[in-house]
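Hi everyone, thanks for making time. Have a look at it first, and then I'll start.

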Amino acid sequence: MQTLQVTLWLYAAALSRAGQCLSKNWVVSLAPLAYGIILTVVGTIVAPLGFIGGMLYSLASQACASSALFLIKNLLDSGRANVNDFLSGFTVYIWELITIGFILWIPMRVVAVGFASAANGALLYLLFKLAVYIILNAAPELIYQSRTTGLELIGASYQFIVDNWIEWLVPNLIFGVAGFYLFDVFESYLLALPVILQLFLYAFVLGAALTYFMTFRGFLFAELQGTTRRSRLYRYNTR
């Protein structure tokens with residue numbers, strides 16, 4: 001019972017701190033919209049280039065992810081993020097992201113080919129991707145909070161999930177399911193509005209939700225990493 005109380009206490013603290021950060025930096029909610037525009041433009045430009053175009057688009061995607069992680073890092077570290085962080089962040093973690101992407105690309109391709117000829121291959125491949133997603137679920141936080149990279153990142157993320165799978169995966173699942181249904185309802189309320197306004201409001205609210213979610217994850221990860229349930233219980237009792 002006390003373990004549950006401690007876990008809920010950690011969630012409440014992370015939710016509160018994430019809310020405070022977002023209320024003071026609401027403009028960060030526009031960042032996902034900016035990334036979407038950037039990737040749309042890049043995709044249109046590189047589409048005729050075939051394989052090279054795909055590589056360039058992947059590079060642009062990694063750069064956008066790097067910028068997003070840098071914004072979250074600044075929110076966690078100082079409670080502030082601005083346009084300069086948005087711009088300079090495109091290169092901060094790009095090599096870590098490229099490295100892990102390259103490491104995963106070959107085995108993912110091999111497994112995909114292997115399952116293609118197997119009975120229920122599509123289902124097996126889906127389960128494999130789900131397992132990879134779970135194992136690497138803490139990878140974003142490890143990248144910007146510890147600068148872990150390469151094979152070490154895979155091992156560190158796996159160990160973190162093994163040690164904290166209940167505390168970490170449960171709120172992620174709840175956020176995912178709740179977000180899916182809430183955005184479905186929200187989208188229905190936008191139907192009466194002009195299309196341009198619909199797109200802007202949807203993108204802004206989605207950006208705010210993603211920013212809040214990733215900031216919450218960042219604070220929660222910082223509380224869980226390097227601690228045990230016993231040490232968190234002790235801190236809870238002596239708070």
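Before I name anything, a word on what I call a helix: helices (H or I, at least four residues) are DSSP runs, numbered from the N terminus. What you're looking at is a predicted model, where local features need pLDDT of at least 70 and side-chain atom pairs count only at pLDDT 80 or more, while totals for chains, interfaces and linings use all residues. Residues are numbered from 1 along each chain as its sequence is written, and side-chain values use heavy atoms, with hydrogens and water left out.

Let's start with Val-83, which sits in helix 4, residues 83-88. I'll say buried for under 20% relative accessible area, exposed for over 50%, and partly exposed for in between, using a 1.4 Å probe and protein chains only. Val-83 has a relative accessible area of 58%, so it is exposed. Between Val-83 and Ala-203, which are 120 residues apart along the chain, the C-alpha separation is 18 Å.

Now helix 3, which covers residues 50-78. How far apart are the end C-alpha atoms of helix 3? They are 42 Å apart, and that agrees with the 42 Å that its 29 residues should span at 1.5 Å a residue. The expected span, by the way, is 1.5 Å times one less than the number of residues in the helix. Just after helix 3 comes Gly-79, with a positive phi of about 75°.

Ser-67 is in helix 3, and it counts as buried because its relative accessibility is 0%. Contact, here and later, means heavy atoms within 4.5 Å. Not counting residues up to four places away in sequence, Ser-67 touches Tyr-35, Phe-86, Gly-89 and Phe-90. Ala-65 is also found in helix 3, but at 27% relative accessibility Ala-65 counts as partly exposed.

So what does helix 3 pack against? One partner is helix 2, residues 31-46: the two axes come within 9 Å and cross at roughly 170°. Helix 2 is therefore roughly antiparallel to helix 3. For the terms, axes are lines fitted to C-alpha atoms, for helices over the stretch in contact, and angles run from 0 to 180 degrees between N-to-C directions. Under 35 degrees counts as roughly parallel, over 145 as roughly antiparallel, 65 to 115 as roughly perpendicular, and the rest as oblique. Helix 2 passes helix 3 in a right-handed crossing; a crossing is right-handed if the near helix is turned clockwise from the far one by less than a right angle, and left-handed if anticlockwise. Among the residues that meet there are Tyr-35, Ile-38 and Leu-39 in helix 2, and Cys-64, Ser-67 and Leu-71 in helix 3.

On to helix 5, residues 94-116. Its 23 residues should span 33 Å at 1.5 Å a residue, and the end C-alpha atoms are 32 Å apart, which agrees. Where does helix 5 bend? At Trp-105, by about 25°, and a proline, Pro-107, follows within four residues. That bend is the angle between axes fitted to the seven residues ending there and the seven starting there. The buried residues of helix 5 are Ile-94, Glu-96, Leu-97, Ile-100, Met-108 and Val-111, and what covers them includes helix 3, helix 6, helix 7 and helix 8. Gly-114 is in helix 5 too, and at 42% relative accessibility it counts as partly exposed.

Last stop, helix 9, residues 195-224. Its axis and that of helix 8 come within 11 Å and cross at roughly 165°, so the two helices are roughly antiparallel to each other. Contact residues include Phe-160, Trp-168 and Phe-175 of helix 8, and Tyr-202, Tyr-212 and Phe-221 of helix 9. In the loop between these two helices lies Leu-190, which counts as buried at 5% relative accessibility. Leaving aside neighbours within four places in sequence, Leu-190 is in contact with Gln-198, Leu-201 and Tyr-202.

Helix 7 packs on helix 9 as well, at an angle of about 70° with the axes 10 Å apart. That makes helix 7 roughly perpendicular to helix 9. Among the residues in this contact are Pro-140 and Tyr-144 of helix 7, and Met-214 and Phe-221 of helix 9.
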